[in-house]
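Try each task before you read its solution.

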Amino acid sequence: MKFVPHVIDGREVESLDGKRFQSINPYTRKPWAEVAMGSRMDAERAVVAARRAFDEGPWPKMGYNARAKILHRLADLMEKHVDELAEADTCDMGKPITDMKVADVPRSAHNFRFFADFAKLASAESFPSDTGHHMYTRYEPAGVVVAIAPWNFPLMLETWKIAPPLSWGNTVILKPAEDTPTSASIMAKLALEAGMPPGVLNVVQGFGPEAVGQFLTESPEIDRITFTGESATGRAIARAASANLIPVSFELGGKGANLVFADADLDKAVPWSIRAIFSNAGQVCLAGSRLFVEDRIFDAFVEKFVAAAKQMVIGDPLDAKTQVGPLSSETHFKKVSSYFDAIAKEGGEILTGGIGDGWTVKPTVVVNPPLNSRAVREEIFGPVVMVNRFSGEEEAVRLANDTVYGLNAMVFTESLRRAHRVAAALHAGTVWVNCFFIRDLRAPFGGVGDSGIGREGGSYSREFCTEPKAVVMEI
Ligand code: NAD
């Protein structure tokens, strides 16, 4: 069986106590890799390595150009190793291999290229003064950044979390999710091959609560925590970080509203809405899991939507044709399945879908669920969409905003004025009009309410990863 090590201080290593755990392939439901299980001692040695690499190593001082060269080389190597990286996430969590090859791995390489170049090209402010002084801002690396990642887009979100701090000269300790350890260790090995100095990118494998994840966040030797995961975990990490006043950036859960107005072009709205809820088997923070359709087109839309949901190819994620693989783990499969009991109890009509083979849930469409039911209010994180109707713009906005989350929303309409009005009225970090999942890495990304703290992307990432210093000089 494959062994997945930690990568600490430039070396692939076992845990100091020799403990390992298994990564289960959710399609075969059998272990496919053995993984080093980090303890407090492994968290500590990663912190020591990252601290030393920052305080004494060349990385923070080598300059934007030299760092960018290494990060571009890493991106090249990731593209060269696309098959190995794609297999890693597919076997760890069941994501269709075609998605990995076409989307996740190329985007992961792009994350490094983009932030390496953005950091190099960004200008810094200088302020003309009336007092005869020259003032300017220096963006200095913050230090040691702990990045804690979820399992739903393992490699893609890990690179999104670590590319900015690395580009601005920080050192990093990455803790991948325990369900998806493999691609992170491969990437860290490739970073060494690309010429990244030891200790700059460390990967510590293991669990979260009462384990390496928590121990890393409790360390007084770190300078930043960037986290993507559940809102409840965000609360626990915020408590740990507050003890040492460590700044945090959180990208948390979501329950995205998708508003389809009667004037929408259904040939666009149906395929985008399908993609918004069923890609990655609905295990997407940005999923359009609350679908609201205007009265006048409700039946016509639902008919087309259900027909499209039935067309999706379910199966072995290693098969290039598969669009919906299994859910990521047995625990997660049980969690998603439990919502079918909740729907049976609380209401809503299931038009298509249900539980499939193994740990698979078929694309499921539920119409007219009560708005206060668990399945409408809670993040299911599976291929299950709750469809309700609305009449008029005001009701649409009210329904969309009736949630503790606020990561994103979608609006389908052919009216330009309505599109701008509704986009402005929605409480969300991102609003997509007549599209979904289109990203530009310069734009702010994050959520309001329980969906997060702070923004990442472009200059927003720079704010978080650096300590801006004001220099004031007498002329
Ligand atoms: P999770 O919160 O269970 O775990 C995420 C990571 O946190 C894992 O690496 C885990 O080991 C670690 N962890 C858990 N408890 C910890 C603790 N006390 N201290 C330190 N680390 C700890 O989330 P998940 O189930 O892996 O991911 C799914 C969640 O992530 C969903 O809620 C989804 O919406 C959210 N998500 C959000 C975004 C976004 O951009 N907003 C993107 C992807 C996923």
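This is a predicted model: local features need pLDDT of at least 70, side-chain atom pairs count only at pLDDT 80 or more; totals for chains, interfaces and linings use all residues.

**Exercise 1. The ligand's grip**

Step 1: Start with A149, which has a backbone N or O atom 2.8 Å from an oxygen atom of the ligand.

Step 2: Go on to G208, where a backbone N or O atom lies 3.4 Å from a ligand oxygen.

Step 3: With T233, look at the side chain: a polar atom there is 2.6 Å from an oxygen atom of the ligand. The protein covers 92% of the 850 Å² of accessible area that the ligand has on its own.

**Exercise 2. The shell**

Work out how many residues surround the ligand, and which elements give two or more of them.

Solution. 

Step 1: Count the residues around the ligand, and you get 31; the closest are K175, E178, T233, L252 and E379.

Step 2: Look at the space itself: the ligand takes up the largest pocket. Helix 7 (212-218), strand 11 (224-228) and helix 8 (231-243) are the elements that give two or more residues to the shell. Helix 8 gives the most, with 3 residues.

Step 3: Sort the shell by type, and you end up with 17 nonpolar, 9 polar and 5 charged residues.

**Exercise 3. A loop residue with partners**

Where does D223 sit, and what does the side chain of D223 contact?

Solution. 

Step 1: Locate D223 in the loop between helix 7 and strand 11.

Step 2: Follow the side chain of D223 to the side chain of R51, and you'll find a polar contact of 2.8 Å.

Step 3: Now check the backbone nitrogen of V144, which lies 2.8 Å from a polar atom of the D223 side chain.

**Exercise 4. Another hairpin**

Describe how strand 15 meets strand 16.

Solution. 

Step 1: Strand 15 (residues 349-355) and strand 16 (residues 361-367) run antiparallel, with 5 bridges joining them.

Step 2: Pick out T352, whose bridge partner in strand 16 is V365.

Step 3: Look between the strands, where there are 5 residues and G358 takes a positive phi near 55 degrees.

Notes
Residues are numbered from 1 along each chain as its sequence is written. Side-chain values use heavy atoms; hydrogens and water are left out. Two strands pair if DSSP finds at least two bridges between them. Helices (H or I, at least four residues) and strands (E, at least two) are DSSP runs, numbered from the N terminus. A residue is near a molecule or strand if one of its heavy atoms lies within 4 Å of it. A polar contact is a pair of N or O atoms within 3.5 Å; within protein, one must be able to donate a hydrogen and the other to accept it, and residues adjacent in sequence count only if both atoms are side-chain atoms. Accessible areas come from the Shrake-Rupley method with a 1.4 Å probe; for residues, only the protein chains shown count as cover. On a 1 Å grid over the protein atoms alone, a cavity is a set of points where a 1.4 Å probe fits but cannot get out, and a pocket is an open set with protein on both sides within 12 Å along at least five of seven lines; lining residues have an atom within 4 Å of a point. A molecule sits in a cavity or pocket if more than half of its atoms lie within 2 Å of its grid points. Ala, Val, Leu, Ile, Met, Phe, Trp, Tyr, Cys and Pro count as nonpolar, Asp, Glu, Lys and Arg as charged, and the others, Gly among them, as polar.
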